[in-house]
Amino acid sequence: MPSSRDSNSHSSNATPCYVEVALKVPLHRSFDYLLPTELCSRAVAVGVRVSVPFGSRVLTGMVLKVKASTEMPEDKVKAVKAVLDSTAIIDDSHLQLLQFTARYYHYPLGETVFTALPKALREGADIDKTSINYLQLTEQGQQQPTLRAKKQQALLKQLAESGKSPTTEIKALGYSKATIDALINKELISQAVEFDSQWREQPLQVASKPRLNSEQAIACTTINQSPGFAAFLLEGVTGSGKTEVYLQCLEEVLQQGKQALVLVPEIGLTPQTVNRFRRRFPNTPIMLWHSALTDNERLQTWRFCQKGSCAIVIGTRSAIFMPFLRLGMIIVDEEHDASFKQQDTLRYHARDLAAYRAQQQNIPLVLGSATPALETLNRALSDKYQLLSLTQRAQTSSDNQFELIDIKGQHLEAGLSHSALAYIKRELARQKQVMVFLNRRGFSPSLICHECGWLSDCSRCSTSATYHKAMRRLVCHHCGEQSAPPMQCPDCGSTQINPVGLGTEQLQEALSEQFPDTPISRIDRDSTRRKGSLEEELAAINRGGARLLVGTQMLAKGHHFADVSLVIILDVDAGLYSCDFRATEHLAQLVTQVAGRAGRSGEPGTVLLQTHFPEHPLLQDLVNNGYQHFARYALQERHETEMPPFSHLALLRAEAHDLSLLLRFLSDLVPAAPVPKIQLLGPIPAPLERVAGKYRYQLHIQGQDRGALHGFLAQLMNYLGSNKLAQKVRWNLDVDPIDMM
């Protein structure tokens with residue numbers, strides 16, 4: 001061991017070593033730090049985390065570069081306090097993905113890097129937490145004995161469907177430790193700690209699979225024969241078997257010992273998706289990634305994925321940043337879904353980053369949807385993506401029957417026409433299920449005074465507070481403000497205060513009065529707050545028999561309900577007239593997706609659309625020709641009006657309590673002279689001008705081509721970095737916005 005004198009002598013003669021570090025701070029720059037000699041000897045590399053001083057704080061940073069010199073004055077360069085990793089936790093290709101993301105969305109690289117890491121790693125935790133507890137059926141449990149305890153019986157059935165599953169995943173479905181322990185004591189299930197599995201060294205087990213029809217077979221063959229990067233749009237009508245195509249393509253990937261990423265839009269879809277995948281590949285490690293996982297669970301999944309111990313990750317949008325040892329395919333299911341776009345902080349679109357990452361890794365990308373986004377469809381029609389069509393429904397030989405119900409002048413019972421009620425009565429008599437879709441939760445959107453017209457407006461927002469009858473509260477769905485509903489009108493003192501408008505809570509109450517002997521399942525954000533409640537409702541629905549289903553978009557996305565024969569869509573008109581140029585596209589997608597819940601049991605279903613405008617060309621086109629025809633016609637309209645995808649858009653949003661300050665800030669960003677290939681609109685008020693007491697205005701920035709737009713945005717961000725007003729208002733830049741509201 002060298003003496004301290006020898007060590008000091010070595011330190012004084014050593015060549016200084018510096019590292020360029022990204023920090024989670026809102027600055028578009030990195031920072032140089034001195035690497036002490038004793039740390040230099042550890043061969044610090046790019047992708048390693050370090051602990052560094054920053055002002056009065058100590059932050060975790062990511063090494064971007066190791067270098068022999070710095071342009072900073074030596075007396076200004078602080079020293080690294082500690083190196084947190086012995087090897088890089090992100091590789092070069094992963095870092096390139098994050099650098100591209102930061103450039104494209106004009107977001108600080110440091111914040112981008114740390115947004116992509118699990119919280120535990122952002123806070124400096126040890127990366128090696130790689131053990132996960134699993135539950136599985138014993139031989140006795142596989143016999144599915146009959147138990148008196150309903151929860152225990154349900155858990156046996158769950159494990160029979162999903163196969164070996166992480167304990168935390170089972171608990172997230174609402175099963176308690178007591179239920180798990182009871183089954184372990186009865187020796188019906190067993191618990192084990194599984195470390196790095198050697199799944200590549202084992203023969204791939206594949207459960208029995210259905211025979212593909214000709215369209216599915218062509219799609220699988222085309223995808224599997226891709227020699228490297230290729231993007232495929234799998235445009236399949238609802239119920240055409242897109243998931244089966246995914247599974248059979250993944251079989252080829254797994255046979256080669258490669259990993260796969262499957263992106264799904266909602267947390268609610270991941271349990272049913274993972275169950276189907278685990279049944280097909282029973283000896284393959286398949287893991288989930290979504291916001292409901294604990295910090296430790298997310299770190300474990302992240303590390304398993306990085307080390308290649310996990311074969312398939314099924315996750316929501318942030319899973320696009322997962323590290324993979326040997327990524328072989330990316331699948332984006334329901335690629336049109338708006339939830340793939342992050343709406344705050346780093347406003348990335350997971351579908352678009354999936355395209356970049358697949359090209360970077362030289363692997364196939366499969367985008368699946370019955371209602372593809374117009375941007376994706378345009379790429380397919382212009383041969384940038386390959387279009388694969390599935391036109392045959394797997395369960396029925398004929399399509400659902402659509403009917404427009406003109407409700408002008410009709411008396412409505414809780415929003416339902418007499419003809420709609422007659423349809424419901426007929427289907428329930430056949431022991432079928434009926435879905436009534438209304439994309440508005442609560443009892444009613446507002447309360448109104450019958451005497452003077454007072455409305456229950458939110459005091460902090462430019463909108464009304466929604467009345468929730470079960471809670472006896474007025475709740476603003478924008479800022480969260482709550483209050484008790486008044487007994488008397490605050491303006492005139494009248495007691496004639498009535499609900500106005502319709503919400504799912506009121507719809508459920510009215511249907512229970514109309515059909516008192518029929519069970520009703522309501523699925524919205526309010527009714528599924530309790531852990532496991534969504535799974536309980538879905539299980540009740542799938543037990544079959546006459547039942548009424550009431551819900552919002554949560555009910556419509558991806559769920560398979562075999563007994564639903566009738567779907568009724570209320571308040572169709574809300575999407576027909578809007579300031580958002582994407583409103584009709586979103587309405588057409590929503591109607592098609594909701595309608596697809598009917599007719600999945602072997603006979604065509606019926607879809608009723610209640611509207612005041614049955615002659616509207618969009619509705620006529622959807623009913624008579626389907627989404628595929630509508631989408632291609634809508635693309636022609638977009639081309640004629642030079643709207644995306646035939647131009648490129650960014651939205652700079654700003655908010656402040658002081659309206660004059662806000663307008664000065666945005667007006668200052670508008671150049672005095674026109675900018676070539678750039679069109680600016682604004683400052684204009686946001687559709688909801690005031691939220692939580694702050695005024696909201698925005699600047700629309702439209703570029704004729706992508707290069708012109710990003711060149712202008714780069715100049716704008718540089719200017720904002722030195723703009724004093726930018727520090728007094730809250731602002732954000734949204735590149736490729738999908739929600740103009």
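## Basis

The model is predicted: local features need pLDDT of at least 70, side-chain atom pairs count only at pLDDT 80 or more, and totals for chains, interfaces and linings use all residues. Residues are numbered from 1 along each chain as its sequence is written, and side-chain values use heavy atoms, leaving out hydrogens and water.

## Helix H20

H20 spans residues 617–641. Helices are DSSP runs of H or I with at least four residues, strands are E runs of at least two, and both are numbered from the N terminus. H20 has 25 residues, yet its end C-alpha atoms are only 18 Å apart. A straight helix would reach 36 Å (1.5 Å times one less than the number of residues). A kink of about 125° is centred on asparagine 625; the bend is the angle between axes fitted to the seven residues ending there and the seven starting there.

Buried residues (under 20% relative accessible area, 1.4 Å probe, protein chains only) of H20 include Leu618, Asp621, Tyr627, Phe630 and Arg638. Their cover includes helix H14, strand S16, helix H19 and strand S26. Glutamate 642 follows H20, with a positive phi near 55°.

## H6 against H8

The axes of H6 (residues 150–162) and H8 (residues 177–185) come within 10 Å and cross at roughly 75°. H6 is therefore roughly perpendicular to H8 (65 to 115 degrees).

## Leucine 709

Leucine 709 sits in helix H22 (residues 706–722). Its relative accessibility is 0%, so leucine 709 counts as buried. Beyond neighbours within four places in sequence, leucine 709 contacts (heavy atoms within 4.5 Å) His648, Leu649, Ala650, Ile678, Ile701 and Gly703.

Key:
Buried means under 20% relative accessible area, exposed over 50%, partly exposed in between (1.4 Å probe, protein chains only). Axes are lines fitted to C-alpha atoms, for helices over the stretch in contact, and angles run from 0 to 180 degrees between N-to-C directions. Angles under 35 degrees count as roughly parallel, over 145 as roughly antiparallel, 65 to 115 as roughly perpendicular and the rest as oblique.
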